[in-house]
Number of protein chains: 2
Amino acid sequence: MNLLQLEKTGSLKLKQGPVPKAGDDEVIVKVTHCSLCRTDAKMWKSGQRDLVLPRVLGHEICGVIEEGKKSFIVWPGSACGYCRQCKAGRENLCGKMKILGFHKDGGLAEYVAAPKSSLIPVPDDLPGDVACLAEPLSCTINALEMANVSAGENVLIYGAGPVGLMAALAVKAQGAYPFITDINKARLTMTENFQDRTGIAGTVKASVPDFDVVINAAPSLDTFVKGIDNLVSGGCFCIFSGFTDKDSVSSVVINEIHYRQLKVVGAYGCTRRQMEKALIILRKYKDEVKLLIEGHIVLEQVSSVLPKILAGRALKYVVEF
Amino acid sequence: MNLLQLEKTGSLKLKQGPVPKAGDDEVIVKVTHCSLCRTDAKMWKSGQRDLVLPRVLGHEICGVIEEGKKSFIVWPGSACGYCRQCKAGRENLCGKMKILGFHKDGGLAEYVAAPKSSLIPVPDDLPGDVACLAEPLSCTINALEMANVSAGENVLIYGAGPVGLMAALAVKAQGAYPFITDINKARLTMTENFQDRTGIAGTVKASVPDFDVVINAAPSLDTFVKGIDNLVSGGCFCIFSGFTDKDSVSSVVINEIHYRQLKVVGAYGCTRRQMEKALIILRKYKDEVKLLIEGHIVLEQVSSVLPKILAGRALKYVVEF
């Protein structure tokens, strides 16, 4: 089969290899769609905490078990199922977590081996190129759940990239009000269609001062410092993107959490249940989400689009097989 | 009446003054007991964000309306009652908050004017010197509520001062397991009686690695950095004491919140409801709490004990009238 392998940092190779063999409780999925994530681009460029090389990347996967039959999306994690985190429904925090495209070979290949229990059936009226976006969308759902977003609340999202906009859709889907802000005006212009259609306003500067929740879909520590300031007393900042700055946060900012009884919560990855929830939102907003797909490409084109994704100048690319 | 007035930072004067007049919806309380807090000592030494001078300090108050009759403790806040925070039961975050001993004259005087609605009746079997400790105890209850401490959880408290130990009692009262740690061995030795009687172990180094909740009853930013490390994935750090260091926290520590889905919550002050809850705990543990009282003093002695309180070398002093 054809596959794209990250041999070492910076070196992605198109190769031929054997179709993987199904392990215990696994099934072989024929990949139909795999969308690219900025983390894929980061792994290619500089590695990642959970990446084990050499590796077939790709963790936003849609495929079939039998050609021409029902589609499934794949929860990319696999957890022990027995630890305290798994039992509490937080399997994304399982100490034994192995992730497709990180610890195990992922979806940038014609076939991928996945645990049977990780497959989630796709509704018949949802096309595969939209369905594979359930993974990034479900990560934003995890953020909203961690921040306990309720109907009627004002939610500010830093970062108008595709994941920030998907977070905004998830906010809207539960009856809260999303606001998008991005210091890069070009990124706001790039998604004007999406903003018009959804009624989600994107601005260079946050307008309302007192947000109930702030989420960063941008890796600058500055969003944390400003975001804390943007919160109403008792409000919540969700750290959705890790911070890439080598900078630090002053005790004055940390003390604001104390004096105004703020909450700061982390969100990392998603659970199987959250992916099911994502499919419901994708079905409701499939025409809107399509506006976030910049292009459909083939495996051979992946290397050429990664620099643009890494630079934050692209929406979603979906690899089709 | 006799009163102790902070005229300006560092200058506390014993004075004679008129008994205050009750404003609308206020009542005059004859103070029987007022315990001293480290914040009183800080205000005397260097001021405080909410302090308006000149001021009669004292916010841990027990008193009577009619001589020889029923005792009341006084919730030191007064909130608007109409804003979003008040309506959500978080009146300690009300933007119009005025606090006795901070914005208005407090309990280091023979009489204090307090809103009628702030008075909470003391059970007949609870002595006034213990009852006035409901205020600091209720602030720790606020912390536990913010951190959502549940029965069976392991809770680490940094700081073996009287408030840290009261927090430990509150943890115990709700069926969770308190652990106390303090880098200052002398402080641990000072409260050995309390630790023996309650079974709460105090150690110089935290032993269990994975705590569900960590609370700082100590003002060093180091407790934050270490506390984040002490938490199980998904666990919660409660910022109970503001940080006095001018230092900062690196993005590496902040990213731990992201990767391990931790929570960081602030706690500041208390609500009237939490003071009612504190009375229930005080009744249950009154003999244990008495061990936290270092001495009963009169108004004239306050100035002489403040330096010791400020240095963290004292337990609770209760002023009796």
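This briefing covers the domains, the chain interface, the sheets and the backbone exceptions of a predicted model. Local features need pLDDT of at least 70 and side-chain atom pairs count only at pLDDT 80 or more, while totals for chains, interfaces and linings use all residues; side-chain values use heavy atoms, with hydrogens and water left out. Residues are numbered from 1 along each chain as its sequence is written, and chains are lettered from A and ligands numbered from 1 in the order in which they are written. Chain A and chain B bury about 3,300 Å² between them, and an open sheet of 12 strands includes strands from both chains.

**Domains of chain A**

- Chain A is divided into domain 1 (2–133 + 292–320) and domain 2 (138–266); such bounds come from an automatic or database domain assignment.
- The centres of domain 1 and domain 2 of chain A, taken over C-alpha atoms, are separated by 27 Å.
- In contact (heavy atoms within 4.5 Å) are 9 residues of domain 1 of chain A and 8 residues of domain 2 of chain A.
- About 800 Å² is buried between domain 1 and domain 2 of chain A, with 70% given by carbon and sulfur atoms. Buried area is the accessible area (1.4 Å probe) that two parts lose on being put together, summed over both.
- The side of domain 1 of chain A that touches domain 2 of chain A has 5 nonpolar, 2 polar and 2 charged residues. In this division Ala, Val, Leu, Ile, Met, Phe, Trp, Tyr, Cys and Pro count as nonpolar, Asp, Glu, Lys and Arg as charged, and the others, Gly among them, as polar.
- Between domain 1 and domain 2 of chain A there are 0 salt bridges, where a salt bridge is a side-chain nitrogen of Lys or Arg within 4 Å of a carboxyl oxygen of Asp or Glu.
- Between these domains of chain A, 1 residue pair is in polar contact, both residues at pLDDT 80 or more. A polar contact is a pair of N or O atoms within 3.5 Å; within protein, one must be able to donate a hydrogen and the other to accept it, and residues adjacent in sequence count only if both atoms are side-chain atoms.

**Interface of chain A and chain B**

- Chain A and chain B each give 39 residues to the contact.
- Of the area that chain A and chain B bury, 55% is on carbon and sulfur atoms.
- Polar contacts between chain A and chain B number 29 residue pairs, both residues at pLDDT 80 or more.
- Elements that give two or more residues to the chain A side include helix H4 (134–146), helix H8 (221–230), strand S15 (231–239) and helix H9 (251–259). H9(A) gives the most, with 6 residues.
- The side of chain A that touches chain B divides into 17 nonpolar, 14 polar and 8 charged residues.

**Sheet across the two chains**

- Helices (H or I, at least four residues) and strands (E, at least two) are DSSP runs, numbered from the N terminus; two strands pair if DSSP finds at least two bridges between them.
- The open sheet of 12 strands runs S13(A)-S12(A)-S11(A)-S14(A)-S15(A)-S17(A)-S17(B)-S15(B)-S14(B)-S11(B)-S12(B)-S13(B), with mixed pairing.
- Its edge strands are S13 (202–203) of chain A and S13 (202–203) of chain B, and each pairs on one side only.
- S17(A) and S17(B) (residues 263–266) run antiparallel and are joined by 3 bridges, with Val264(A) opposite Val264(B).
- S11(B) pairs in the parallel sense with S14(B) (residues 211–216) over 4 bridges; Ile157(B) stands opposite Ile215(B) in S14(B).

**Three-stranded sheet of chain A**

- An open sheet in chain A has 3 strands in the order S2-S1-S4, with antiparallel pairing. S2 and S4 (55–56) are the edge strands.
- S1(A) (residues 2–8) and S2(A) (residues 11–16) pair over 6 bridges and form a hairpin with 2 residues between them.
- Gly10(A), in the turn, has a positive phi of about 85°.
- Leu4(A) stands opposite Leu14(A) in S2(A), and Gln5(A) has Lys13(A) as its bridge partner.

**Backbone exceptions**

- Most residues other than glycine have a negative phi, and most peptide bonds are trans.
- The peptide bond from Leu53(A) to Pro54(A) is cis, with omega near -10°; Pro54(A) lies in the loop between H1 (38–46) and S4 of chain A.
- In chain B the bond from Leu53(B) to Pro54(B) is cis, with omega near -5°.
- Asn148(B), which is not a glycine, has a positive phi of about 55° and is found in the loop between H4 (134–146) and S11 (154–158) of chain B.
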